[in-house]
Structure formats: structure tokens, C-alpha cells
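Please look over the sequence and the structure below before reading on. The paragraphs that follow go through the fold one part at a time.

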Amino acid sequence: MKRIYKTLAIIGATAALVSCGGNKTKTAETETVDEVNRISVAEAVMQDVPQSEVYSSTVEAFAVNNIAPQTGGRIDNIKVDVGDFVSKGQILAIMDAAQLDQTRMKLQNDSTELGRLNSLYRQGGVSKSDYDAAEMAYNVSKRAYDNLLENTLLRSPLNGVVSARNYDKGDMYSGKPIFVVEQITPVKLLVGISETDYTKVKKGDKVKITADALPNQEFTGTVNKIYPTIDPGTHTFTTEIIVPNGDKALRPGMFARVSVEFGVNHSVVIPDVAVVKQQGSSVRIVYVVQPDSTVKSTVVTLGRHFGSSYEILNGLNEGDQVAAKGSTSLRDGDKVKVVSSND
């Protein structure tokens with residue numbers, strides 16, 4: 001009986017060891033499977049990529065004039081109001097004319113005196129110095145009168161719209177402009193474009209413009225001016241865009257988007273989910289799937305981002321298989337298992 005019990009004990013112990021060994025093997029296999037990263041892949045393809053960029057900007061008046069007299073005085077009359085469209089040379093306001101009337105009388109007297117001395121001078125009745133003094137007095141009076149006339153009858157220097165009125169009839173002018181007149185045909189937009197595109201922008205280039213306040217409308221603008229310096233902080237240069245705005249639809253202050261075309265490149269294109277930003281740097285990498293089902297990290301130079309794709313300027317070749325979904329958790333040399341994007 002003791003021998004039988006001993007045999008059964010040995011058999012039981014052996015079974016226990018086999019059982020433990022089996023569990024250990026199963027766990028190792030599970031750990032190996034877990035270490036394989038499940039990813040979807042995408043193929044790097046050659047594609048025509050429009051070199052367009054959209055920039056945000058604000059519509060501005062082509063010119064802004066502050067209408068005010070040269071010196072203080074009482075406002076005798078207000079001729080226009082906010083929102084009125086005015087023409088170049090149109091009278092907007094009239095200041096008190098008392099000083100202008102006095103200057104006009106002096107000008108008339110000086111003109112009469114100059115005419116009298118002119119006749120005498122021709123006959124030799126007065127010296128040249130007396131005649132020159134009278135002529136100078138007339139010229140001084142004429143300049144003073146013209147200046148006062150300009151500052152009494154306040155006219156618009158351009159065709160535009162009155163965007164501000166700060167006084168009423170009878171008020172004393174005290175330094176703040178009486179009117180602000182803005183020229184809105186045309187309007188302009190100032191756009192900051194990346195320095196990498198500096199040589200691609202030319203005066204006269206056409207651009208497309210949309211405004212949030214005017215849905216379903218598109219406007220065409222022209223590059224009118226390219227600023228000659230680069231902003232060292234933003235690494236952009238300023239471009240002035242002119243829009244005719246004949247229907248006056250665009251108004252100063254509107255938020256607008258400017259689409260600039262720089263031509264077309266034939267470049268490698270991959271999905272944007274395949275591009276990984278290295279932590280703590282501006283470097284972008286892509287994981288290329290190798291024949292042994294591992295991945296190798298490759299630094300890439302990005303071009304345009306359009307839709308859900310990136311243009312790759314450097315670092316990939318046509319036909320490369322890159323990790324797409326699941327790429328953010330990869331490390332160089334990781335083993336991967338390719339699955340469909342729906343898994």
C-alpha cells in the first residue's frame with residue numbers, strides 16, 4: 001500500500017509540473033503577441049499638389065482721411081452724416097467765417113494797392129523797392145486767404161464714405177477730427193506670407209478672397225505691393241492686395257480669407273495621420289514598414305497640408321509603405337502587424 005501511494009504521489013507531482021510548464025508557455029506566447037503593434041499602412045504616392053495657401057486678413061480702406069481745420073473755431077454748419085458717400089471736393093462742413101472775411105478784405109485792399117503801384121511803377125512814379133513790397137504784401141495776403149478758405153470750407157479730399165462724425169453744428173472744434181472719410185473703392189488687405197514663398201509672389205498676381213460676412217461670394221484681388229523686408233519674429237513678409245470693390249460689398253473691418261496660388265508641384269503624398277511630431281522638437285517623422293514586419297523611423301520635410309494629406313518634400317520615395325493608424329505609439333524597430341483601417 002505504501003508503494004502504491006508513493007507512485008500516485010510521483011504521478012501527481014509530475015502532472016503538476018507539466019501543468020505549470022504549460023501555463024508558463026502560454027503566458028510567454030501571450031506576451032509575444034501583445035508586443036506586436038497593430039497598424040494600418042498607406043502607400044506613398046506621387047500626386048500633383050497645388051501650391052496654394054489661405055491667409056487670414058482684415059479688409060481695410062484704401063485711404064483714410066481725418067477732416068479737421070488747421071486751427072480751432074466754431075463749426076457753423078454740418079453738411080453730411082455717417083454713412084453718406086461723398087465725392088472729392090464736396091463740402092462737408094463750414095467753420096465760422098469771421099476771420100476769413102477779414103482776410104478777404106485785406107486781400108482786396110492789397111490787390112487794389114498793387115494795381116495802383118503797378119501803373120505808377122511803369123511810368124516811373126515809384127521805386128522798384130516800393131513796388132516789390134506791395135507785391136509781397138499781396139502774395140502774403142493771398143496765401144493767408146487761400147489757407148483760411150481751405151480751413152473754413154472743409155472739403156473731402158477723395159471719393160469715399162463718412163465713417164465717423166464727432167461734432168454737431170455750433171460745437172467748438174477742439175482737436176478731434178470732425179469727420180473721418182474712408183475710400184472703399186478700392187479696398188486693400190495686408191497679408192503676411194511665409195518667407196519661403198518670397199520669390200514666388202509677383203506684383204500683379206491675382207488672388208481669391210472670401211469674407212465671412214458675405215457667404216457664397218468670391219472676390220478677385222491683385223498684388224499691388226510687396227514689402228521689401230522680412231519680419232524677424234514671424235519670418236513673414238507683408239503683401240498688399242487691392243480689390244476693386246465696385247459694388248462696395250466689402251467694408252473695412254470685415255474678416256477675410258485670401259487664397260494665394262504658387263503653382264503646382266508633383267510630389268510624394270501620404271495621409272496626415274502617418275506623420276508623427278517628435279516630442280520636444282519640430283522634427284516630423286514617418287515610420288516606414290520593412291520587409292521583416294518591423295518599422296524604421298524616417299525624418300521627413302513637410303510641404304502643403306491639404307484635406308487629410310501631407311505633401312512630402314524630402315525623406316520618402318514613391319511606393320514606400322508607411323504606418324498610418326497606430327503610428328503614434330511606435331518606436332524605431334518595433335514589430336508590427338498590418339490590419340485594415342476598419343479592424
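How many bridges join strand S5 to S10, and in which direction do the two strands run? There are 2 bridges between strand S5, residues 73-78, and S10, and the strands run antiparallel. The model is a predicted one. Within this pairing, Arg74 has Met172 of S10 as its bridge partner. The two strands belong to an open sheet of 4 strands, ordered S8-S7-S5-S10, with antiparallel pairing. Strand S8 (153-155) and strand S10 (172-173) are the edge strands, each pairing on one side only.

Helix H3, residues 128-152, lies across strand S7 (91-95) and S8, and runs at about 65° to S8. The buried residues of H3 are Tyr131, Ala134, Ser141, Tyr145, Leu148, Asn151 and Thr152. They pack against S7, S8 and helix H2 (98-123).

Setting aside neighbours within four places in sequence, Thr152 is in contact with Ala93, Ile94, Met95, Asp96, Ala97 and Leu100.

Next come the nonpolar cores. The largest has 25 residues, and those with the most contacts inside it are Leu189, Ile209 and Leu250. Two or more residues of this core come from each of strand S11 (179-194), strand S12 (206-211), strand S13 (214-226), strand S14 (236-243) and strand S15 (255-271). S11 gives the most, with 5 residues. A second, separate core has 16 residues, among them Leu92, Leu154, Val162 and Phe179.

Which residues does Ile209 touch, not counting those up to four places away in sequence? They are Leu189, Gln217, Glu218, Phe219, Gly221, Ile241, Val243, Ala256, Arg257 and Val258.

The loop between S14 and S15 holds Met254. Is Met254 buried or exposed? With a relative accessible area of 17%, it is under the 20% limit and so is buried. Its contacts, leaving aside neighbours within four places in sequence, are Ser57, Thr58, Val59, Ala211, Ala213, Leu214 and Ala249. Met254 and Ser57 are 197 residues apart in sequence, yet their C-alpha atoms are 8.6 Å apart in space.

Asn245 is also found in the loop between S14 and S15. Its phi is near 55°, a positive value in a residue other than glycine. Asn245 counts as buried because its relative accessibility is 4%, under the 20% limit.

Another positive phi in a residue other than glycine, near 65°, belongs to Ser293. This residue lies in the loop between strand S17 (284-289) and strand S18 (295-306). Its relative accessible area is 32%, which falls between the 20% and 50% limits, so Ser293 is partly exposed.

Pro186 is found in strand S11, and the peptide bond from Thr185 to Pro186 is cis, with omega near 15°.

Methods: Residues numbered from 1 in each chain as written. Predicted model: local features only at pLDDT ≥ 70, side-chain atom pairs only at ≥ 80, totals over all residues. Heavy atoms only, no water. Pairing = 2+ DSSP bridges. Contact = heavy atoms within 4.5 Å. Axes fitted to C-alpha atoms, helices over the stretch in contact; angles between N-to-C directions. Buried < 20%, exposed > 50% of the residue type's maximum accessible area, 1.4 Å probe, protein only. Core = buried A, V, L, I, M, F, W, Y, C linked by side-chain atoms within 4.5 Å.
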